[in-house]
Amino acid sequence: MEKEFTSVSIPTSLYKKIEEKIKGTDISSVSSYVAKVLRESLAREQDNKEVFTPEEEEKIKERLKALGYID
Amino acid sequence: MISPHGGKLINRFLEEDERQKVLEEIDRLPSLTLDPDLISDVENIATGVYSPLVGFMNRSDLDSVLQNMRLADDLPWTMPIVLDVDRQTADRLKIGERVTLRSEDGQPVAVLNIEDKYTYDKEQFALRVYGTTDLKHPGVARLSAMKEFLLGGKLEVVNLIPTPFDRYRLTPRETRLLFREKGWKTVVGFQTRNTPHLGHEYVQKTALTFTDGLFINPVIGRKKRGDFKDEVILAAYEELIKHYYLKDRAVMAILKMEMRYAGPREAIHHAIIRKNFGCTHIIIGRDHAGVGNYYPPYAAQEIFEQFPDLGIVPLFFTSFFFCRQCQSVENEKTCPHDRSMHVEFSGTRIREMLVKGEVPPPELMRPEVARVILSFEQPFND
């Protein structure tokens with residue numbers, strides 16, 4: 001079974017900076033902070049590559065018009 | 001346009017030539033009959049409402065959802081989407097086998113490619129998802145009636161089951177194009193299972209002040225005794241939108257889905273679904289998706305802190321009321337007057353009036369909406 005956590009190396013100076021930053025906050029560990037920030041960053045990087053083909057777009061527009069959603 | 005959850009809008013409907021091939025084999029496959037709630041799950045997987053899910057959950061995803069509120073690949077996901085079967089069925093079916101999923105009237109809806117077959121711990125499931133094992137909780141009651149094995153695997157969907165409300169039924173691909181046609185870059189979603197009172201209108205319009213469009217998304221499906229009937233909710237909202245909203249700023253479409261009443265976890269689930277519909281924001285009020293007193297009143301807002309990567313922005317509303325001094329809907333940050341001047345938006349009180357055939361006062365409900373509700377002989381589920 002795959003392990004739930006794995007190790008990643010970061011510079012000690014950065015670790016200490018984060019340790020100082022999270023003192024007195026709800027964040028329980030440097031690992032928690034790093035996971036939170038990386039998740040945020042990955043989510044922001046997600047591009048929307050969604051494309052409608054002309055046929056699909058026409059079909060959807062016809063339905064939306066028929067239902068009164070667009071003129 | 002906001003990305004679908006997981007980056008890709010799922011479509012599990014087969015193209016017509018593949019669909020015909022599957023329909024030819026479908027009667028030769030073993031068959032499972034699904035209740036309407038599971039059929040809704042199949043359809044929501046099919047149309048991308050549940051993106052990135054492509055089928056019912058395997059054990060690895062279920063365990064991760066229960067333990068971490070994330071899928072096995074770390075994507076936020078809080079509600080199990082599972083297919084239960086009894087032991088006899090589980091013994092009969094093999095991993096790698098294909099099985100036809102049918103509605104209760106025998107119509108084929110999809111083929112499931114079985115990738116996993118497993119047992120699960122109901123008590124842990126209840127505690128993790130609902131925070132309780134109390135059988136009076138509707139979600140726990142539903143869980144306790146589930147069969148003891150689960151099947152996981154991808155779906156190939158061949159049919160949607162019609163509803164009486166298909167005039168309001170849009171897929172995420174359709175809502176995304178609709179929002180684009182309207183010129184909306186930001187869209188706030190509003191989840192509801194009730195007819196609208198002035199408090200609902202207040203939060204919707206407050207949110208709409210900061211976004212381009214409002215997507216009113218009533219949940220249609222199995223609800224509790226005493227809930228408003230689906231047709232009443234839709235008619236009431238049609239009337240409200242007609243008289244009190246700009247046509248270019250508000251649209252309504254249904255979400256066909258079972259309410260689980262899982263409070264905080266379900267609030268995240270609802271946010272993910274509206275993200276898939278194309279909403280950039282979602283309104284989350286007091287005790288969202290709650291029932292009784294199972295969840296602290298703002299737990300469904302606080303849980304969002306655990307998901308900085310959710311993508312859709314929650315707009316939190318706390319308490320609001322009509323102030324007789326202000327002569328408007330206000331909240332605890334905007335109104336300086338004594339509580340004796342406040343009229344609370346009590347669903348119970350509004351329901352009592354409507355049951356008696358009374359039109360609620362205009363500070364609680366728009367008269368046009370009240371008249372529409374009262375035009376139904378029996379507006380509530382028995």
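Tutor: A polar contact is a pair of N or O atoms within 3.5 Å; within protein, one must be able to donate a hydrogen and the other to accept it, and residues adjacent in sequence count only if both atoms are side-chain atoms. This is a predicted model, in which local features need pLDDT of at least 70, side-chain atom pairs count only at pLDDT 80 or more, and totals for chains, interfaces and linings use all residues. Residues are numbered from 1 along each chain as its sequence is written, chains are lettered from A and ligands numbered from 1 in the order in which they are written, and side-chain values use heavy atoms, with hydrogens and water left out.

Student: Which residue has its backbone nitrogen 2.8 Å from a polar atom of the side chain of B:Asp84?

Tutor: B:Asp84 is found in strand 3 (residues 83-85) of chain B, where helices (H or I, at least four residues) and strands (E, at least two) are DSSP runs numbered from the N terminus. Leaving aside residues up to four places away in sequence, B:Asp84 touches B:Leu38, B:Met146, B:Lys147, B:Phe149 and B:Leu150, a contact being heavy atoms within 4.5 Å. The backbone nitrogen at 2.8 Å from its side chain belongs to B:Lys147.

Student: How far from B:Asp84 is the nearest side chain of opposite charge?

Tutor: Lys and Arg count as positive and Asp and Glu as negative, while His and the chain ends are not counted. A salt bridge needs a side-chain nitrogen of Lys or Arg within 4 Å of a carboxyl oxygen of Asp or Glu, and buried means under 20% relative accessible area, exposed over 50%, and partly exposed in between (1.4 Å probe, protein chains only). B:Asp84 is buried yet has no salt bridge, and the nearest side chain of opposite charge, B:Lys147, is away by 4.1 Å.

Student: About how many helical turns separate B:Glu16 and B:Arg19?

Tutor: These two residues form a salt bridge, with the closest N and O atoms 3.3 Å apart. B:Glu16 is partly exposed at 44% relative accessible area, whereas B:Arg19 is buried at 19%. Because they stand three residues apart in helix 1 (residues 16-26) of chain B, the separation is about one helical turn.

Student: What is the relative accessibility of B:Glu238?

Tutor: B:Glu238 is joined to B:Arg167 by a salt bridge whose closest N and O atoms are 3.9 Å apart. B:Arg167 lies in the loop between strand 6 and helix 7 (172-182) of chain B and B:Glu238 in helix 9 (residues 230-244), so the pair ties together parts that are 71 residues apart in sequence. B:Arg167 counts as partly exposed at 35%, and B:Glu238 also counts as partly exposed, at 28%.

Student: Which residues of helix 3 of chain B are buried?

Tutor: The buried residues of this helix pack against strand 5 (108-119), helix 5 (122-130), strand 6 (149-157) and helix 10 (264-277) of chain B. The helix is followed by B:Met69, whose phi is positive, near 60°. Its buried residues are B:Leu62, B:Ser64, B:Val65 and B:Leu66.

Student: How far apart are the C-alpha atoms of B:Gly311 and B:Ala271?

Tutor: B:Gly311 is found in the loop between helix 11 (299-302) and strand 12 (313-316) of chain B, and at 44% relative accessibility it counts as partly exposed. Not counting residues up to four places away in sequence, B:Gly311 touches B:Ile2 and B:Lys275. B:Gly311 and B:Ala271 are 40 residues apart along the chain, and their C-alpha atoms are separated by 9.2 Å.
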